[in-house]
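Okay, everyone, thanks for coming.

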Amino acid sequence: MPGPYQQAPTPDPYQQAQPYSGPMEGCQICGAVPAAPVTVRGHQGMIVVMRSLRRKGTMCRTCGLATFREMQADTMVQGWWGPMSVVITPITLLINLAALSTIRRIPEPVAAGHRPPLNPGKSVFARPRGILGLVPLCLVLAVVLLTVIGMAAGSGEGDGAAPAVKVGACAGAPSCVDPWSS
Ligand SMILES: [Zn+2]
C-alpha cells in the first residue's frame, strides 16, 4: 500500500493486482509463476518540488527486471534536479540495486501467465537515459569525493597552522612580557 506521498497521479497498472487465488502466487502483471514480492523505487526532482515513486507487487523475474530497468533509467535522468533530490537519488538507486538482487533470485518463469510479460529490454546502461544519467551521477560522485578530500586537507592544515598563530599572537601582544628581562 503506497503512502500518501508516494502515489503517482497517473493510473498505475501495477496497482490493479490480480486477486490471490491458489497455493502458488503468480506475477500480478502477467500471471506467470514463480513470482515474488518486489518493490522498485523511483525519484523525480523538479527544482522546488520532488516526487518519490514506488512500484510494489508480486512479480515474475521478467516483469521485475523490466520494472527495475525502467524506473532505474528514469531516476537516473529525472532524479537529480533539486537540492534534496541530489541526496535522495543516489540512495534510491542503491535501494533499487538491492531490489535487483531479489529479482535475480526469482527463477525463470516455468508456467506462462494469462498475458505476455513486460519487455525487460536493454540493461540500464545500454539505454540512452541510463547513459545520460551517468553525467549527473559522475558529477555528484566527483563533488562528494572533492568535499571529502577538501575536508581531509583542511583538517590537516588546521593542525599545522595552530602553533604558528600562537607564536604570532604572543609576539604582537603588549602583555606578552619576557619574565627573565627584569
Ligand atoms: Zn510477469
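**A quick walk through the model**

So, Ile 47 to begin with: its relative accessible area is 62%, so it counts as exposed, the cut-off for that being over 50%. Keep in mind that this is a predicted model. Where does Ile 47 sit? It's in the loop between strand 1 and strand 2. And have a look at its backbone: phi of Ile 47 is near 60°, a positive value, and this is a residue other than glycine.

The peptide bond joining Val 33 and Pro 34 is cis, with omega at about 0°.

Okay, the metal. Which residues coordinate the zinc ion? We've got Cys 27, Cys 30, Cys 60 and Cys 63, each through SG, at 2.2 to 2.3 Å. In sequence, those donor residues follow the spacing C-x2-C-x29-C-x2-C. The angles among the four donor atoms run from 105 to 114°, and the site is tetrahedral. For reference, the ideal angle for four tetrahedral donors is 109.5 degrees. As for burial, Cys 60 is at 0% relative accessibility, so it's buried, and Cys 63 is buried too, also at 0%.

Last stop, Arg 54, in strand 2, residues 49-59. Buried or exposed? Arg 54 comes out at 15% relative accessibility, so it goes down as buried, given that the limit is under 20%. From Arg 54 to Met 71 you count 17 residues in sequence, and C-alpha to C-alpha they're 9.0 Å apart in space.

Technical notes. Residues are numbered from 1 along each chain as its sequence is written. This is a predicted model: local features need pLDDT of at least 70, side-chain atom pairs count only at pLDDT 80 or more; totals for chains, interfaces and linings use all residues. Side-chain values use heavy atoms; hydrogens and water are left out. Helices (H or I, at least four residues) and strands (E, at least two) are DSSP runs, numbered from the N terminus. Buried means under 20% relative accessible area, exposed over 50%, partly exposed in between (1.4 Å probe, protein chains only). Donors are N, O and S atoms within 2.8 Å of the metal (3.2 Å for Na, K and Ca); water is not among the atoms, so sites may look incomplete. Four donors count as tetrahedral if all angles lie between 85 and 135 degrees; four count as square planar and six as octahedral if opposite donors are over 155 degrees apart and all others between 65 and 115; anything else is irregular.
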